[in-house]
Amino acid sequence: MPKEKVAVILGPTATGKSHCAIALAKKFGGEIISGDSMLVYRQMDIGTAKPSKEELETVPHHLVNILPPDGEYSVADFQQQASQLIRDITGRGRLPILAGGTGLYIKALLEDYRFSGVDGNPELRRELEAFAETRGAEALHERLQKQDPAAAARLHPNDVRRVVRALESALSGETVSLEKMDELKYDALVFGLSMERDFLYQRINQRVDRMLSDGLEEEVRCLLQAGVPAGCLSMKSLGYRQMAEYLAGKCDYETAVDNIKKGTRHFAKRQITWYKKMPYVQWYTVERDLNYEKIVSDMAVALEKKWKRL
């Protein structure tokens, strides 16, 4: 049975993945599957840099606005849902286009990672999250190093959410399997967007400034006033965590903004590290003149060459 076709556009934050994905979807009759772990949450639009309402309506988008702000979402959830969507979109005679920046999600889907079932231990999870809050991410990572050195080597200390999950599994006497197939699950063409580092950091800083002018502070305030816990997974993400700390009086506004920009730059570096583990990516450099038209044209040629006529 032939593999299902899927086009993928990945890259660090602020490189223009959504722009290129929409352009390709228009050209080839495609539907976009979000590969971003934060776009699943409703009411979290500004801090996630979610595509605008108009952009979302331009072409069909999936895995966007599917959960309340305090919902939980995992790589295993994404893998299962994205796989089904690829089948459904293919069945409609359209092209699935996966766009996003959560490297683990995309890698797990394409390489067909096998996750063991771990029911979870909410009480232990809360204890571990409290430990991270009081003792810091590094101390939490050291606990994981003692319990599961392989998982610790795989996870960055600042990725508190997944470190907690791995520790929860290890302390519950279970392990999460990350076994994968030797070849890609799909007939995939994987495009990557890159930028010179100083240009990327400039774009990141500008994006954060734009989020602030668009009302990030008010978005976070409304979420907290609506009863969304500051300690839930989504509110611990970039932008939301720092702004919630400011609103709670834990730091001043300038410190919060600086921490968002710094954290986003570090996040981009971690994304790039993930992508280096994916040798099948075809990279395109976004120049300072924003040569997206040329990049999309080159991607289109590559798609037509690989699959003859779509």
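Tutor: Start with exposure: buried means under 20% relative accessible area, exposed over 50%, and partly exposed in between (1.4 Å probe, protein chains only). This is a predicted model, where local features need pLDDT of at least 70, side-chain atom pairs count only at pLDDT 80 or more, and totals for chains, interfaces and linings use all residues. Residues are numbered from 1 along each chain as its sequence is written, and side-chain values use heavy atoms, with hydrogens and water left out.

A salt bridge puts a side-chain nitrogen of Lys or Arg within 4 Å of a carboxyl oxygen of Asp or Glu. The structure has 16 of them. One joins Lys-53 to Glu-57, at 2.8 Å from N to O. Both residues are exposed. They lie four residues apart in helix H2 (residues 53–58), about one turn of the helix. Helices (H or I, at least four residues) and strands (E, at least two) are DSSP runs, numbered from the N terminus.

Now take Glu-218 and Arg-221. Their side chains form a salt bridge of 2.9 Å, N to O. Both sit in helix H10 (residues 216–225), three residues apart, so about one helical turn separates them. Glu-218 is partly exposed at 41% relative accessibility. Arg-221 is partly exposed too, at 26%.

Glu-196 pairs with Arg-288, their closest N and O atoms 3.2 Å apart. Glu-196 lies in the loop between strand E5 (187–194) and helix H9 (197–214), and Arg-288 in the loop between strand E6 (281–285) and helix H13 (292–306), so this pair ties together parts 92 residues apart in sequence. Glu-196 is partly exposed, at 47% relative accessibility. Arg-288 is partly exposed at 44%.
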